[in-house]
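Me: I've just opened this one up and I'd like to learn how to read it. Can we go through it feature by feature?

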Amino acid sequence: MKIPASFDGKTDASSTEIFKASRRDFLKIGGLFSGGLALGVSLFSCNEKGEKTATLAPNVYLTISSAGDITLIAHRSEMGQGIRTSLPLVIADELGADWSKVKIVQAEGDEKKYGNQNTDGSFSIRMFYKPMREAGATARLLLLQAAANRWKVSVTECDTQNSQVIHTTSGKKLDFGELVEEAQKLPVPAAANIKLKDPGRFTMIGKATPIVDLHDIVSGQAVFGIDAFAEGMKIAVIKRCPVVGGSVKSFDDKKALAVPGVLKVIPIKGPGLPATLSKPLSGVAVIAENTWAAIKGRDLLEVQWDLGPNATYSSAEDIARLTKEVARAGTVRRNRGDFAAAKAGAKKVIEHTYIAPYLAHATLEPPCALAVVKDGRCEVWACTQNPQGARDILAETLGIPVDKVKINITLLGGAFGRKSKPDFMLEAALLAKESGLPVKVQWTREDDLHHDYFHALSVQRVVATLDAQNKLTGWNHHIAYPSISATEDQSVVQPSDGELGLGATDFPYQVPAIRIETHDAPAHLRIGWLRSVRNIPQAFAVATMMDEVAEARGVDPVANALELLGEDRNLTFEQEMGKGKYPNYGESITDYPWEVARMKAVIQRVAKEAGWGKKLPKGSGLGFAAHKSFLTYVACIVEVRVEAGNKIVIPHVHYAVDCGTAVNTDRIRSQFEGGAQFSASLALKSAITVKNGQVEQNNFDGYQLIRMPESPKEIHVHIMENQAKPTGIGEPPVPPFTPALCNAIYAATGKRIYTLPIDLKG
Amino acid sequence: MAKYSIQVNNKTHEVDALEDMPLLWVLRDILGLRGTKFGCGRALCGACTVHLNGTAVRSCSLPVSAVGDGKITTIEGLAENGDHPLQQAWEKLVVPQCGYCQTGQIMNAAALLQSNPHPSEDEIEGAMQGNLCRCGTYNRIKAAILSVATA
Ligand code: FES
Ligand code: FES
């Protein structure tokens with residue numbers, strides 16, 4: 001199981017090739033196609049000379065039938081971000097299609113057919129925006145040519161609109177459906193002849209388009225992973241070892257089997273340590289006629305565990321140990337100038353330790369997967385972000401060829417990174433194989449909170465030095481947290497370059513001396529990635545310390561950030577880190593530079609929109625934070641009111657966002673609205689703690705999430721008008737909200753926050 | 001195991017179930033009404049909300065043996081064609097993100113409006129606080145309810 005390249009490595013530069021799809025292609029993908037126009041979109045990576053090196057995404061398909069129905073086979077997983085709407089609308093816009101005639105079919109998970117489907121790292125739009133436009137533009141040109149041939153006029157006199165080709169001089173019109181057979185016979189135009197729409201003529205891109213699954217969702221017909229169904233399906237609920245790395249010693253299933261409806265009890269072997277990013281934990285499964293019988297049976301299982309070496313682990317002790325650790329010198333990961341000298345010559349030194357807990361994803365739909373294993377084949381239905389990764393490991397585990405494994409992707413009832421791991425799908429497949437029955441594995445909320453791939457706890461120490469002129473002369477950031485990589489390889493005890501590149505080593509401010517150091521923090525749980533990953537703690541430490549720096553300098557925090565960002569220019573970090581050590585979310589820094597001007601623009605915009613500097617009544621305050629992540633620039637201002645009994649009320653949140661070209665403004669807004677709430681949960685409510693190697697929270701009473709009465713009230717999202725390449729919006733709202741809230745609380749109460757979740761009583 | 005005769009969406013169903021089986025699993029696993037969701041199993045999230053005689057209840061925590069001859073309404077039975085004013089408002093304001101919590105939210109809101117057709121913002125917040133949305137659609141939910149309540 002690989003960590004997504006989008007935050008931990010490199011993806012290649014890519015180009016698009018559009019080709020005419022044959023009926024054979026459709027037979028291959030099991031898609032329905034009975035004539036008309038069909039195009040395949042292929043993405044390939046290329047070297048600096050533009051030569052094709054490898055195929056990334058052979059087949060995203062666009063078809064137009066003779067009835068005028070337009071179908072796009074969508075290959076990315078939908079989990080609330082709106083990708084099943086936003087990619088197709090790009091095609092529809094370029095094509096000049098009637099949106100109501102566009103249908104979206106969810107593709108199964110298959111790398112050979114669909115290329116990279118790992119829906120992670122906020123990069124679906126980043127990667128597929130251009131190919132989708134080119135596909136739409138190609139189909140459009142073919143239809144224009146077909147119409148022009150028929151009318152015996154020049155293509156330049158023709159245009160498309162509402163799924164029709166229009167002869168602009170005479171006003172003659174032909175429906176797409178009437179032209180598709182002819183269009184299919186024409187050669188695919190060379191890439192050089194494809195003219196993309198002038199952005200001024202976009203009809204959908206940059207506007208708000210409602211999501212395609214809306215009616216199914218509100219009427220209860222939408223099919224999530226939990227709703228997958230197969231004839232004769234049984235339900236499995238699993239008792240897993242409460243400590244990571246432990247295993248089943250023995251078990252007694254007498255009482256479980258006595259529950260009416262319970263059919264079988266089957267042990268599952270775990271990998272021990274390392275726990276891996278893919279394999280199921282050691283446990284005992286109860287298979288029953290229905291979910292309730294399975295839950296009851298599971299609760300009656302008596303299991304003796306060998307708890308393994310993590311059985312003495314305590315998160316509180318870990319935090320205490322890491323707090324001591326970060327007070328020492330660490331491994332230098334980025335260095336500029338001479339921090340020791342800056343500190344020696346400082347008039348003022350500000351130093352604080354920042355602590356953040358483990359977090360669980362707590363998707364409202366707990367993990368679940370249905371598997372049928374029969375006649376050397378395996379078919380799975382699951383709420384998965386990474387169908388291909390799952391497919392490969394399923395094939396390997398079951399010992400069957402990859403092409404005998406089929407993964408059907410349902411809607412995802414929330415994902416946030418949790419559902420990129422295939423462990424729950426493997427459980428279903430192993431149990432289906434062993435029992436010979438179609439088995440759906442259902443995780444309960446307790447299972448989900450106990451056995452997540454957790455967002456790691458973290459301890460950081462930041463030291464900022466000011467000289468006699470109140471100039472920020474030095475920045476020293478110490479970082480300790482268990483790395484995601486440790487889940488695969490226990491010898492990893494320090495953060496990866498990828499993790500540090502999420503808001504720590506890409507520290508953008510002009511300071512003469514910068515030293516970023518890391519410390520040993522071995523992993524004792526399964527560590528994974530949660531929406532915006534390490535940006536969460538790193539932005540918390542950096543942006544709250546920047547607020548203190550501003551105060552110490554006697555400068556307004558917004559002015560401070562603008563000043564310290566310095567001249568408009570593009571930043572690079574590698575020369576202070578070592579070659580290849582700054583991953584830039586898997587993109588080359590030339591293609592996606594760190595542009596100071598764009599960061600300054602979002603800061604200025606948010607300050608203006610939020611009325612930064614306005615007087616607020618006592619007990620209220622504004623807080624500011626700016627943070628770039630996943631190549632998207634975000635600045636955030638939170639207004640807070642602290643009422644009697646330390647009740648925190650958040651009347652307004654302002655975000656300014658520059659994500660390049662805005663594709664679907666409604667989904668950008670909704671991701672920011674939701675991102676603020678997500679961040680509010682972790683800022684104010686959520687923490688996973690561990691004692692004796694076991695998670696202490698069981699359900700939403702212990703692991704709390706923000707609820708409506710305490711949630712941020714008005715969330716204003718200001719989208720920068722921009723023609724730059726589009727970048728992601730799923731994760732970037734999360735990091736700046738929490739430090740902006742902490743800074744607002746300081747403005748309102750004079751209390752600084754160094755530990756999450758925020759506790760004003762402490 | 002025992003036999004129960006329950007009224008769901010104006011139809012009588014005979015079901016064979018353990019007496020402590022929560023209504024949620026009767027609906028989902030036995031009757032195939034899967035619009036009602038599972039989120040916590042302990043009345044902490046609201047994803048499983050249905051109506052019992054017009055009142056919102058958490059079906060995950062209501063044993064089938066306690067349903068008696070009460071009338072159950074699920075999201076499938078809230079309105080023919082899924083066009084209850086709240087469902088329409090939800091579509092108009094594009095409330096859902098992942099959508100998983102939304103049927104529970106709508107059922108809870110529908111019960112609220114039945115007992116209090118013109119709730120204030122505070123009353124809405126109070127009534128909806130048992131329904132979690134991990135995607136954070138709270139403000140749009142509130143706006144959708146208000147749009148119906150003030151119509
Ligand atoms: S599943 Fe019933 S309240 Fe959560
Ligand atoms: S829309 Fe995803 S949990 Fe509410």
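Me: Where in chain A does Pro274(A) lie?

Reply: Keep in mind that this is a predicted model. Pro274(A) sits in the loop that runs between β11 (262-268) and β12 (283-288) of chain A.

Me: And what is the peptide bond from Leu273(A) to Pro274(A) like, cis or trans?

Reply: Here's the general idea: most peptide bonds are trans. The one leading from Leu273(A) into Pro274(A) is cis, and its omega is near 0°. Another cis bond links Leu756(A) to Pro757(A), with omega about -10°. To find Pro757(A), look in the segment after α20 (734-749) of chain A.

Me: What about phi, then: is it positive or negative for Asn10(B)?

Reply: As a rule, most residues other than glycine have a negative phi. Asn10(B) isn't a glycine, yet its phi is positive, about 65°. You'll find Asn10(B) in the loop joining β1 (2-8) and β2 (11-17) of chain B.

Me: Now helices. At roughly what angle do the axes of α16 and α17 of chain A cross?

Reply: Start with the two axes, then ask which residues meet. Helix α16 (residues 535-553) and helix α17 (residues 557-565) of chain A have axes that come within 9 Å and cross at roughly 100°. Because of that angle, α16(A) counts as roughly perpendicular to α17(A). On the α16(A) side you have Met546(A), Asp547(A), Val549(A), Ala550(A) and Arg553(A), and they meet Pro557(A), Asn560(A), Glu563(A) and Leu564(A) of α17(A). Sorted by class, the residues of this contact are 5 nonpolar, 1 polar and 3 charged.

Me: How do α17(A) and α18 of chain A run, parallel or antiparallel?

Reply: The axes of α17(A) and helix α18 (residues 596-610) of chain A come within 10 Å, crossing at roughly 170°. So α17(A) is roughly antiparallel to α18(A). From α17(A), the contact uses Val558(A), Ala561(A), Leu562(A) and Leu565(A), while α18(A) brings Val596(A), Met599(A), Lys600(A), Ile603(A), Gln604(A) and Ala607(A).

Me: Let's zoom out to the two chains. How many residues of chain B are in contact with chain A?

Reply: For an interface, look at the residues and the area first, then at the specific pairs. Here 50 residues of chain B touch 64 residues of chain A. Together the chains bury about 4700 Å², and 60% of that is on carbon and sulfur atoms.

Notes. Residues numbered from 1 in each chain as written. Chains lettered and ligands numbered in written order. Predicted model: local features only at pLDDT ≥ 70, side-chain atom pairs only at ≥ 80, totals over all residues. Heavy atoms only, no water. Contact = heavy atoms within 4.5 Å. Buried area = accessible area lost by both parts, 1.4 Å probe. Axes fitted to C-alpha atoms, helices over the stretch in contact; angles between N-to-C directions. Helix = DSSP H or I, 4+ residues; strand = E, 2+ residues; numbered from the N terminus. Parallel < 35°, antiparallel > 145°, perpendicular 65-115°, else oblique. Nonpolar A, V, L, I, M, F, W, Y, C, P; charged D, E, K, R; others polar.
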